[in-house]
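Please keep the structure in view while reading.

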Amino acid sequence: PDDGEGEAGVVVKTKPRTKRPPLYKVLLLNDDYTPMEFVVHVLERFFGMTHAQAFEVMLTVHKKGVAVVGVFSHEIAETKVGQVMDFARRHQHPLQCTMEKE
Ligand code: TYC
């Protein structure tokens with residue numbers, strides 16, 4: 001146990017640092033083929049948005065090319081990306097979802 005005394009009685013301070021886990025932004029990307037209603041459904045189903053919220057975010061991606069759809073721990077972000085990519089592939093839509101460190 002550190003008594004705060006270094007070599008020759010020199011007092012060494014260690015700052016009490018509380019380390020928060022890094023957060024990850026989940027991004028949804030626009031494309032020319034995925035139907036708008038499908039994207040809205042994805043946002044409702046996997047990101048807990050209301051229909052109105054989901055429609056708004058879908059339009060933002062459609063107009064701007066990309067939007068953050070949520071911020072999560074690494075594990076949760078990975079799960080969301082996997083769920084969206086899986087769901088899109090199963091329905092044969094090219095929808096892309098990625099994550100990046102905040
Ligand atoms: N651009 C698509 C269309 O016009 C709609 C769309 C929106 C696709 C958001 C992907 O992440 C997306 N049908």
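Strand β1 (residues 24–29) and strand β2 (residues 66–72) pair in the antiparallel sense, and six bridges link them. The model in which this pairing is found is a predicted one. Lys25 stands opposite Val71 in β2, and Val26 stands opposite Gly70 in β2.

Strand β1 also pairs with strand β3 (residues 96–101): these two strands run antiparallel and are joined by six bridges. In general, the strands of a sheet pair through backbone hydrogen bonds, and the pairing is either parallel or antiparallel.

## The sheet as a whole

Taken together, the three strands form an open sheet in the order β2-β1-β3, with antiparallel pairing. Which strands lie at the edges? They are β2 and β3, each of which pairs on one side only. From one strand to the next, the twist averages 30°.

## Order of the elements and overall extent

The secondary structure of the protein consists of three helices and three strands. Read from the N terminus, the elements follow the order β-α-α-β-α-β.

What radius of gyration does the protein have, and what would a compact globule of 102 residues have? The protein has 21 Å, whereas such a globule would have a radius of gyration near 13 Å. The C-alpha trace spans about 70 × 25 × 20 Å along its principal axes.

## Helices lying across the sheet

Helix α2 lies across β1 and β2, and runs at about 135° to β2. Helix α3 (residues 74–90) lies across β1, β2 and β3, and its direction is at about 165° to β3.

## Packing of α1 with α2

Two packed helices are described by the angle between their axes and by the distance between those axes. For helix α1 (residues 36–47) and helix α2 (residues 51–64), the axes come within 8 Å and cross at roughly 125°.

## Packing of α1 with α3

Helix α1 has a further helix contact to consider. The axes of α1 and α3 come within 11 Å and cross at roughly 145°, and this crossing of α1 and α3 is right-handed.

The contact is made by Phe38, His41, Val42, Arg45, Phe46 and Phe47 of α1, together with Lys80, Gln83, Val84, Phe87 and Ala88 of α3. The residues of the contact of α1 with α3 comprise seven nonpolar, two polar and two charged.

How values were computed
Residues are numbered from 1 along each chain as its sequence is written. This is a predicted model: local features need pLDDT of at least 70, side-chain atom pairs count only at pLDDT 80 or more; totals for chains, interfaces and linings use all residues. Side-chain values use heavy atoms; hydrogens and water are left out. Axes are lines fitted to C-alpha atoms, for helices over the stretch in contact, and angles run from 0 to 180 degrees between N-to-C directions. Helices (H or I, at least four residues) and strands (E, at least two) are DSSP runs, numbered from the N terminus. Two strands pair if DSSP finds at least two bridges between them. The radius of gyration is taken over C-alpha atoms; the globule rule is 2.2 Å times the number of residues to the power 0.38. Contact means heavy atoms within 4.5 Å. A crossing is left-handed if the near helix is turned anticlockwise from the far one by less than a right angle, and right-handed if clockwise. Ala, Val, Leu, Ile, Met, Phe, Trp, Tyr, Cys and Pro count as nonpolar, Asp, Glu, Lys and Arg as charged, and the others, Gly among them, as polar.
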